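I'm opening a page for this one and jotting down what I look up as I go.

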Amino acid sequence: MAQQRVAGQTKFVLDESQLPRHWYNIRADMPSPPQPVLHPGTGQPVGPDDLAPLFPMELILQEVSEEAEVAIPEEILELHALWRPTPLYRAHRLEQAVGTRSRIFYKYEGVSPPGSHKPNTAVAQAFYNKREGRTRLATETGAGQWGSALAFACKLIGLECKVYMVRISYEQKPFRRSLIQAWGATIVASPSEETQSGRAILEQQPDSPGSLGIAISEAVEDAAGRDDTAYSLGSVLNHVLLHQTVIGQEALAQMELAGAFPDVVVGCVGGGSNFAGLAFPFVREKIAGREIDVLACEPAACPTLTRGHFAYDFGDTSKLTPLVPMHTLGHDFVPAPIHAGGLRYHGVAPLISQLVLDGLVRAEAYLQNDIFASAVLFAGSEGIMPAPEAAHAIHGALETARAADEAGEERTILFNLSGHGHFDMAAYDNYLAGKLEDVALDDRELDRALDAIADLPAPA
Ligand SMILES: Cc1ncc(COP(=O)(O)O)c(C=O)c1O
């Protein structure tokens, strides 16, 4: 009887007392550690002192920590409790809609106040900055999810917040802007006239749609120029991925409640934080010997893992950051203005790059009309309107189920529904009106952007 209930059950929820009390650090278990981040001037690994103008020391220590577990302070747990633990769903209705033999589960991060996984790290970053005496944070945002998450965290913790929002998203998503302002942050479209980096881009291209690389340059420049301000990044860095691992830890416990374990774990990848958050606790199991296929999904317009090179590159367009060992399309590559703004980043987290190199994670790239078709199918069966970024993970899960059906196999698939799309309805309007263009990255543009990094140091 109990077994039957689990089989028919839709939601698997944890009690607040089951909030994860530590973050999982995959560096402790990786077969090959990631290569060091380099100072672009000296070519030597960067040390804590190089990073201190931009980040609080606790986050710098987490960035290089090799401890498997990092305790989560009580104050952060109290903030997490506003929306965590998040629910895990069995997608019964989606399974029926596509007629698959596979079982599909999803972890839903859209229940947070800003609507995505991003506040998991935003509250932690705001907390450590405040504790170490900073009064203001500067950041970039692509889709607006990260900017609103940091604005939310700063409001609750008591910090000022300045957001440089990629211009195309600023125009496509006016209500993300309003949300950021309602939480008390100041926001400007990037490239802006407020920084040297922004002015230099506008001089060359007055109608630049912007990119995450450009907005990062502006936020780093802002933070580096003021003692009261630190820089805050919503993805890519080790400590950001670390903070997201609460997602996968909860999912492990919830899959156990469901009496299941995934054969396939799927997430979308921009800089890599939601993917890592769900996947790393499962990759730990994979490294320990369990068979799991771990799939990273990205846009064909910005195919960092599937077509980028593993190289040292700058994290931003104006070359203000250290050199990061990662799959990259080149720091001056400006992705086409697809609607998954949060996936328009030229690089990816070094931890994920290393796991791809080691064969522990694989990647696929999709066109935007295909991911919107999957998003609408999902919304029509499960009800939730997904963020376009998260729709890449839905599409990856559905493609996996289709392939399994064709092979006459049955899989248990778990994906991360990293956010809702309530502020992305202009994108859905365009899709439903048949106005979305499918853009795959052009070979010549890829060669050009990669040529521009040919002289940087090569990874070992
Ligand atoms: C809902 C959602 N999912 C995914 C992403 C991609 O970022 P990341 O790869 O760091 O999870 C974003 C970024 O803005 C987002 O808003």
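Which side chain does Arg411 meet in a salt bridge? I looked it up, bearing in mind that this is a predicted model. The partner is Glu409, at 3.0 Å from N to O. I then checked how open the two ends are. Arg411 is partly exposed at 29% relative accessible area, and Glu409 is also in the partly exposed class, at 33%.

**Salt bridges, continued**

I wanted the total too, and the count comes to 19 salt bridges. Another one I picked out joins the side chains of Arg362 and Asp293, with 2.8 Å from N to O. Arg362 sits in strand E14 (residues 362–366) and Asp293 in strand E11 (residues 293–299), so this pair ties together parts 69 residues apart in sequence.

Next I went to helix H20 (residues 443–451), which holds both Arg448 and Glu445. They are three residues apart there, about one turn of the helix. Their salt bridge has its closest N and O atoms 2.9 Å apart. Arg448 comes out partly exposed with 37% relative accessibility, and Glu445 is partly exposed with 24%.

I also found a network: salt bridges link Arg84, Lys107, Glu109 and Glu250.

**Nonpolar core**

How many residues does the largest nonpolar core have? I get 36, and the ones with the most contacts inside it are Trp23, Ile76, Val123, Tyr128, Leu137 and Leu150. At least two residues each come from helix H4 (74–80), helix H6 (119–131), helix H7 (145–157), strand E7 (160–166) and helix H9 (174–182). H7 is the top contributor, giving eight residues.

I followed up on Leu150, one of the residues with the most contacts in that core. Setting aside neighbours within four places in sequence, I listed Ala122, Leu137, Thr139, Cys161 and Ser232 as the residues in contact with Leu150.

**Surface patch**

Which residues form a nonpolar patch on the surface with about 250 Å² of accessible area together? I wrote down Met57, Leu61 and Val64. Leu61 belongs to helix H3 (residues 57–64). With 44% relative accessibility, Leu61 goes down as partly exposed.

**Two single residues**

Is Ser273 buried or exposed? It is buried, at 2% relative accessibility. I placed Ser273 in helix H14 (residues 273–287). Not counting residues up to four places away in sequence, Ser273 touches His117, Lys118, Gly234, Ser235, Val240, Leu241 and Gln244.

Thr304 was my last stop, and I found it in helix H15 (residues 304–307). Its relative accessible area is 3%, so I have Thr304 down as buried, the cut-off being under 20%. Where does Thr304 make contact, leaving aside its neighbours within four places in sequence? My list reads Glu298, His327, Thr328, Leu329, Tyr345, His346, Gly347 and Val348.

Terms used:
Residues numbered from 1 in each chain as written. Predicted model: local features only at pLDDT ≥ 70, side-chain atom pairs only at ≥ 80, totals over all residues. Heavy atoms only, no water. Salt bridge = Lys/Arg side-chain N within 4 Å of Asp/Glu carboxyl O. Helix = DSSP H or I, 4+ residues; strand = E, 2+ residues; numbered from the N terminus. Buried < 20%, exposed > 50% of the residue type's maximum accessible area, 1.4 Å probe, protein only. Core = buried A, V, L, I, M, F, W, Y, C linked by side-chain atoms within 4.5 Å. Contact = heavy atoms within 4.5 Å. Patch = residues over 30% accessible without salt bridge, like charges linked within 9 Å, V, L, I, M, F, W, Y side chains within 5 Å. Areas by Shrake-Rupley, 256 points an atom, 1.4 Å probe, with all protein chains shown as cover.
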